[in-house]
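Could you guide me through this structure in my viewer, one selection at a time? I would like to know what to click next and what is there.

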Amino acid sequence: QVQLVEAGGGLVQPGESLRLSCTASGGTIIHIQGMQWYRQSSGPQRELVASDSDHAGTSYADSVKGRFTITRDSAKNTVYLQMNSLKPEDTAVYYCHAGGLVTREAMLSRDYWGQGTQVTVSS
């Protein structure tokens, strides 16, 4: 069973930095089409923060451009989100998403979500 495990959340002051990581494991992963970071601060809607995909490269929400950087290590099935110059409005639960993930065991393309990691920016 594939799982996405996130790490790196925490409490920081405005202007500080955090680095989130998310690793997909379970089964023999052959390919992941793209990995993304979403966040949810209030209400049911999750906001797409950053994406790294085979077809579209990297992209960012306007609110984080120039401050956040997404990188993907395909050999480790891991995606990172470097968050600099954090603001109180960045406070949210951050979720990792893997799209088009194929394992040798299932040979099916599926999407998966991580459990979320809390990021709090407060003085």
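A nonpolar core is a set of buried Ala, Val, Leu, Ile, Met, Phe, Trp, Tyr and Cys residues joined through side-chain atoms within 4.5 Å. Buried means under 20% relative accessible area, exposed over 50%, and partly exposed in between (1.4 Å probe, protein chains only). Before you click, know that this is a predicted model: local features need pLDDT of at least 70, side-chain atom pairs count only at pLDDT 80 or more, and totals for chains, interfaces and linings use all residues. Residues are numbered from 1 along each chain as its sequence is written, and side-chain values use heavy atoms, with hydrogens and water left out.

**Stop 1: the core.** Select Trp 37, Phe 68, Leu 81, Met 83, Tyr 94 and Leu 101, which touch the most other members of the largest nonpolar core, a set of 29 residues. Strand S9 gives the most to this core, with five residues. Strands here are DSSP runs (E, at least two residues), numbered from the N terminus. In soluble globular proteins, nonpolar side chains tend to be buried together.

Now keep Leu 101 and show its surroundings. Leaving aside neighbours within four places in sequence, Leu 101 is in contact (heavy atoms within 4.5 Å) with residues including Val 2, Ala 24, Ile 32 and Tyr 112.

**Stop 2: the disulfide.** Next, select Cys 22 and Cys 96, which are joined by a disulfide with S to S at 2.1 Å; the cut-off for such a pair of cysteine sulfur atoms is within 2.5 Å. Cys 22 in strand S3 (residues 18–25) and Cys 96 in S9 (residues 92–103) are 74 residues apart, so to speak from distant parts of the chain. Both cysteines, Cys 22 and Cys 96, are buried. Look along the S-S bond too: with -80° about it, the link is left-handed.

**Stop 3: a run of strands.** Colour strand S5 (residues 47–53), where five of the seven residues are buried. S5 pairs with strand S4 (residues 29–40) in the antiparallel sense over six bridges; strands count as paired if DSSP finds at least two bridges between them. S4 and S5 form a hairpin with six residues between them, and Gly 43 in the turn has a positive phi of about 80°.

On to strand S6 (residues 57–60), which runs antiparallel to S5 and is joined to it by four bridges. Here Asp 52 stands opposite Thr 58, and the hairpin from S5 to S6 passes through three residues.

**Stop 4: charges over rings.** Select Arg 46 and Tyr 95: the charged end of Arg 46 sits over the ring, 3.6 Å from its centre. The rule asks for NZ of Lys or CZ of Arg within 6 Å of the ring centre and within 35 degrees of the ring normal. Then try Arg 19, which lies over the face of Tyr 80 at 4.1 Å from the ring centre.

**Stop 5: two loops.** Is Asn 77 buried or exposed? Asn 77 counts as buried because its relative accessibility is 19%. Find Asn 77 in the loop between S7 and S8, with a positive phi of about 50° although it is not a glycine. Finish at Met 107, in the loop between S9 and strand S10 (109–113). Met 107 is exposed, with a relative accessible area of 54%, and its phi is near 55°.
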